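Student: I am new to this structure and would like to go through it in short steps. Please let me ask about one item at a time.

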Amino acid sequence: MYQRREITTQERIAQERFCEKIKERIARRPHYALVDTYGCQQNESDSEILRGWLVRCGYELTEDVDKADVVVVNTCAVREHAEKRVLGNVGALSHNKAKDPDLIVCVGGCMTQQPVMREKIKNSYRVVDLVFGPHEVWQFPELLLGTMERRDRRDRKRRLIAAAPSEGVVAEGLPRRRDSGVKAWLSIMNGCDNFCSYCIVPYVRGRERSRRPADVLAEARALVAGGYRDITLLGQNVNSYGKGLDEAVDFPDLLAHIDEIDGDYVLRFMTSHPKDATDKLFRVMGGSGHCAHHIHLPLQSGSDRILKRMNRRYDRAAYLEKVAAARKAMPDLVLTTDIIVGFPGETEADFRDTLSLVEEVGFDAMFTFLFSPRTGTPAASMPDPVSRAEKQAWFDELLALANRISGEKHAAYVGGTYRVLVDGETGQTPYNLSARTRGGRLVHLAGDPALVGRFVQARITASSTWALDGELA
Ligand code: SAH
Ligand code: SF4
Ligand code: F3S
């Protein structure tokens with residue numbers, strides 16, 4: 001049975017003590033740590049906590065693997081491609097370990113929550129010293145210290161494989177190292193209860209659990225006070241926020257509360273499951289001073305037959321109704337989506353339904369994926385007669401359509417002037433700055449790097465499939 005479990009202050013303080021012990025051990029010379037992240041924003045967010053812990057433990061952060069004393073690989077399991085890439089990179093660390101036997105290699109993240117993967121890493125990737133999952137991020141210092149101590153004892157079972165006892169944890173007050181001083185992830189919940197038939201996430205991230213609204217609000221206030229200008233609320237399905245909390249609060253309520261925080265900032269969120277996106281949500285977004293007029297509303301397929309087999313619990317008509325309601329509340333809405341091509345049993349006719357729905361909706365941007373069977377999910381054992389070559393041809397056709405529509409949407413910006421947030425430097429010339437419209441469209445600008453973190457007016461001069469070029473107005 002799933003149980004929500006909040007980490008106590010004592011448990012957190014115990015972790016701080018493990019940090020102190022590690023700090024003493026590595027005090028003789030500077031030590032460096034590298035965190036390599038795969039997958040979605042949830043993993044990016046977890047990596048920020050891992051970096052926060054490592055800094056507390058006395059490490060300096062590095063991007064240079066040759067310099068690192070600790071490497072943490074934060075993995076993703078959503079598609080086979082992601083897993084292969086991770087395993088290749090973990091395997092390559094044996095060269096580093098050959099040069100520096102003291103190197104500590106840790107593998108965390110969603111991939112490690114699958115028992116078969118834990119076995120595979122244990123048996124075939126001797127380079128790995130510690131395996132832990134997303135539910136154990138809160139106790140990383142304890143696991144890292146344990147790894148060091150086993151090493152000291154030359155323990156035959158030197159490698160530490162954390163057993164994931166903590167599924168369902170909600171942990172507050174963990175340290176965090178954010179990459180940017182402008183953009184911040186704010187995780188509001190974890191896990192997923194939807195069990196879409198193709199998806200591994202509910203198995204590796206566990207059941208849905210929400211942070212308390214007071215904790216989320218306190219973090220949002222601190223971010224705004226700290227100068228952050230772009231805050232993205234994170235959850236696998238933010239629309240089911242609040243389930244299981246004592247307070248009666250849903251996602252639109254939370255959004256409205258955060259929106260009350262004074263300051264010049266943009267509030268974004270992802271991801272939103274279409275079945276739970278309500279008129280109330282669209283109303284709050286439309287009436288808010290801070291919310292981006294952007295929804296990422298994953299469609300997955302335009303065929304009712306396939307949507308049913310995917311267990312998405314909406315159909316084509318319902319999806320179109322949501323889009324119409326959202327656009328009514330926000331006429332300037334930017335709409336993006338995810339689509340899977342080649343789901344088991346998908347026919348040419350099903351695929352044509354997807355093309356026609358994509359054309360009808362007109363997405364500003366689309367993320368398209370070839371179906372990847374994930375062991376343990378229902379879709380992995382469904383008959384899948386269509387050849388890889390045919391799926392690839394469908395994929396290419398969808399991508400061409402997506403690019404054409406995005407190109408047209410972007411072209412409509414040219415000549416207009418928009419308020420954008422300058423959020424970083426590109427390292428390129430002449431467009432050395434990157435910025436985002438309120439709807440989240442990427443704008444390349446030329447200007448003083450001191451503008452990073454500021455809202456400016458940009459006149460759009462050119463467009464492409466993925467971005468806009470502009471000049472300061
Ligand atoms: N919780 C989010 C994101 C889940 S993963 C949501 O529901 O939208 C991000 C995307 O990966 C999904 O939207 C889906 O399009 C894709 N995806 C998930 N599992 C997949 C699989 N087995 N094969 C191919 N694409 C997949
Ligand atoms: Fe996966 Fe569906 Fe949950 Fe998204 S809503 S994480 S696609 S199971
Ligand atoms: Fe990947 Fe885990 Fe995110 S499987 S997509 S990193 S929730």
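Student: By about how many helical turns are Arg 12 and Glu 16 separated in helix H1?

Tutor: In this predicted model, local features need pLDDT of at least 70 and side-chain atom pairs count only at pLDDT 80 or more, while totals for chains, interfaces and linings use all residues; side-chain values use heavy atoms, with hydrogens and water left out. Residues are numbered from 1 along each chain as its sequence is written; chains are lettered from A and ligands numbered from 1 in the order in which they are written. Helices (H or I, at least four residues) and strands (E, at least two) are DSSP runs numbered from the N terminus. Arg 12 and Glu 16 are 4 residues apart in helix H1 (residues 9-25), so their separation is about one helical turn.

Student: At what N to O distance do the side chains of Arg 12 and Glu 16 meet?

Tutor: An α-helix has 3.6 residues a turn, so residues three or four places apart point the same way. A salt bridge is a side-chain nitrogen of Lys or Arg within 4 Å of a carboxyl oxygen of Asp or Glu. The side chains of Arg 12 and Glu 16 form such a bridge, with an N to O distance of 3.8 Å.

Student: Is Arg 12 buried or exposed, or in between, and at what relative accessible area?

Tutor: Buried means under 20% relative accessible area and exposed over 50%, with partly exposed in between (1.4 Å probe, protein chains only). The areas come from the Shrake-Rupley method, and for residues only the protein chains shown count as cover. Arg 12 is therefore partly exposed, at 22%.

Student: How many salt bridges does the structure hold?

Tutor: The pair Arg 12 and Glu 16 is one of them. The total in the structure is 39.

Student: How many residues apart in sequence are the parts tied together by Asp 253 and Lys 280?

Tutor: The side chains of Asp 253 and Lys 280 meet in a salt bridge at 2.9 Å, N to O. Asp 253 lies in helix H8 and Lys 280 in helix H9, so the parts tied together are apart in sequence by 27 residues.

Student: Which residues of helix H4 are buried?

Tutor: Helix H4 covers residues 115-124. On the other side of H4, Pro 115, Val 116, Asn 123 and Ser 124 are exposed. The buried residues of H4 are Met 117, Arg 118 and Ile 121.

Student: How many degrees around the axis do Met 117, Arg 118 and Ile 121 cover?

Tutor: The buried residues of H4 are these three. They lie on the same side of H4 because their arc, taken from the directions from the helix axis to the C-beta atoms, is only 105 degrees.

Student: Which residue joins Met 270 through a cis peptide bond?

Tutor: Most residues other than glycine have a negative phi, and most peptide bonds are trans. The bond from Met 270 is cis, with omega near 5 degrees.

Student: What is the phi of Gln 300?

Tutor: Gln 300 is in the loop between strand E14 (294-296) and H10, and at 7% relative accessibility Gln 300 counts as buried. Although Gln 300 is not a glycine, its phi is positive, at about 70 degrees.

Student: Which residues form the negative surface patch?

Tutor: Patches are made of residues with over 30% relative accessible area and no salt bridge, with like charges joined within 9 Å and nonpolar side chains (Val, Leu, Ile, Met, Phe, Trp, Tyr) within 5 Å. Lys and Arg count as positive and Asp and Glu as negative, with His and the chain ends not counted; a charge is placed at NZ of Lys, CZ of Arg, CG of Asp or CD of Glu. One member, in helix H10 (residues 304-309), counts as partly exposed at 38%. The patch is formed by Asp 304, Asp 315, Glu 321 and Asp 353.

Notes:
Accessible areas come from the Shrake-Rupley method with a 1.4 Å probe; for residues, only the protein chains shown count as cover.
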